[in-house]
Each structure stands twice: as C-alpha cells, then as structure tokens.
Amino acid sequence: MQRTPYLFIIVALLAGVTACQTESDSTVQTPAPVQSSTYTERTDAATPDGATPDGAVTPDLSGAKVAAATSAQQQEMLTYINQARSKSCQCGTTTYPAVPALTLNTQLNAASDAHAVDMATNNYFSHTGLDGSQPWDRMTRAGYSWRAAGENIAAGYTTVRATVDGWLKSPGHCKNIMSANFAEVGVGYGYNTNSTYKHYWVTDFGKRR
C-alpha cells in the first residue's frame, strides 16, 4: 500500500518530461547531406551523339513547380571551383597540381539543371535518371559532343559554398573538380520543399572532342 504514491509520482514526472518536448523535437528533420561522383572517357562503344539509351524517355518537366539554378548560382559555383583549381589540392591521399580554370558551357548547364530539377521533382538521388540515362547521355542530348565527362551531385546542402566544400572533402568529387581532363562545366540546381533533401545540386564536367 505504501508503494502506490511513489509509483504515481514517477509516472507523473515522466509525463511531465514528455509534455516539455517541443513540436520540432518530435518532427523528422532533413537527412544529412549526401553526394556522389562519376567519370568516363569516350570509347568506340560510347553512345553516339544525339542518341539516347534504349527505351529512354526524356522526362517532361515543363509543369514542374521546382526552382532551378540561377545565373548567379552558376557563376558562384564556377568561382569556387576555379578557386580550388588555381592551386594544388589534396584529394584524399593524392595531391593534384593547379590546373587551368573551367568555363561555363550552356549545354552542360542545361544537362545539369535538367537532372537537378528531375531529382527534386521526383524525390530521388542518383546519377541514373528515371529514364535510365547516365550523365554523358544527358550531355549528349543537350548537344554536347564530349571526349571526357564527369558529374558531381549533392543533396541537402543549402548553399553553393557548402556544396563545393563538401565535394572538396570527398576524394572522388575533389578529383573531378581538380581534373585536367576537363575544360568546361555546367551547374544545375533543383529545390522542392516536399522532397527528402529539398536542395539538389549537379555539376557536369566536360571536354569536347
């Protein structure tokens, strides 16, 4: 009979702790940022210019209410990337020498932006598009005749600076940024408040044939 009051007090205290939890504490937060990189060089087996993978259908994003990259974001991304390329940089265990600055390419911008908007619109994160396309397929569709092609993607970063910093800390992404095989770059961005990561970033690197 003496234990009942103590049990009641303990239960009451626990209830009080639960009641102090704010609404934001119980809400699922945006996941930590993610990133991925890929690279290829043209071979005889590469997809011919103007072709798309078998069965591929280019997504129709004309009705998507998703923000895309602004020219200011593209210039800012280019500036940070070229700042990194202007001096030697250690990517993982490999140190890369300074390399020439990249220039923005409108076709690569188009390919990058289309993929960033597609990921934001359809809430996925991958170098492979929903139509089965790879980065170089999307570059080819945009009219870019490439000899070397690479792509960095990231999601969850809220600013250009944070995105580039994240890539430079990752060996694969850093290697793409510091590669002497590339001469041009395109920048894409997609934002969708209803998607998992909200912010989606794409840089397509290329060198023309």
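**Ground rules**

I am working from a predicted model, where local features need pLDDT of at least 70, side-chain atom pairs count only at pLDDT 80 or more, and totals for chains, interfaces and linings use all residues. I number residues from 1 along each chain as its sequence is written, and side-chain values use heavy atoms, with hydrogens and water left out.

**Entry: Val164**

I started with Val164 and found it in helix H5, residues 160-168. Helices here are DSSP runs (H or I) of at least four residues, strands are DSSP runs (E) of at least two, and both are numbered from the N terminus. Is Val164 buried or exposed? Val164 counts as buried because its relative accessibility is 0%. For that term I use under 20% relative accessible area, with exposed over 50% and partly exposed in between, from a 1.4 Å probe on protein chains only.

Next I looked up what Val164 touches, leaving out residues up to four places away in sequence, and noted Met77 and Tyr80. Contact here means heavy atoms within 4.5 Å. Val164 and Tyr80 are 84 residues apart in sequence, yet their C-alpha atoms are 7.0 Å apart in space.

**Entry: aromatic pairs**

How many aromatic pairs does the structure hold? I noted five. Rings of Phe, Tyr and Trp (its six-membered ring) pair if their centres lie within 6.5 Å; planes under 30 degrees apart are stacked, over 60 edge-to-face, and the rest tilted.

One of them is Phe182 with Phe205, stacked at 5.4 Å centre to centre with 25 degrees between the planes. Phe182 sits in the loop between helix H6 (171-178) and strand E7 (184-191), and Phe205 in strand E8 (residues 199-208), so this pair ties together parts 23 residues apart in sequence. I have Phe182 as buried at 3% relative accessibility, and Phe205 as buried at 0%.

I then checked Tyr189 and Trp201: this pair is tilted, because the planes are at 45 degrees, with the ring centres 4.3 Å apart. Tyr189 is in strand E7 and Trp201 in strand E8, twelve residues apart, so I wrote this pair down as a link between distant parts of the chain. Tyr189 is buried at 8% relative accessibility, and Trp201 is buried at 1%.

I also noted a cluster in which ring pairs link Tyr39, Phe182 and Phe205.

**Entry: charges over rings**

Last, I looked for charges over rings, meaning NZ of Lys or CZ of Arg within 6 Å of the ring centre and within 35 degrees of the ring normal. Arg42 has its charged end over the Trp146 ring, 4.1 Å from the centre.
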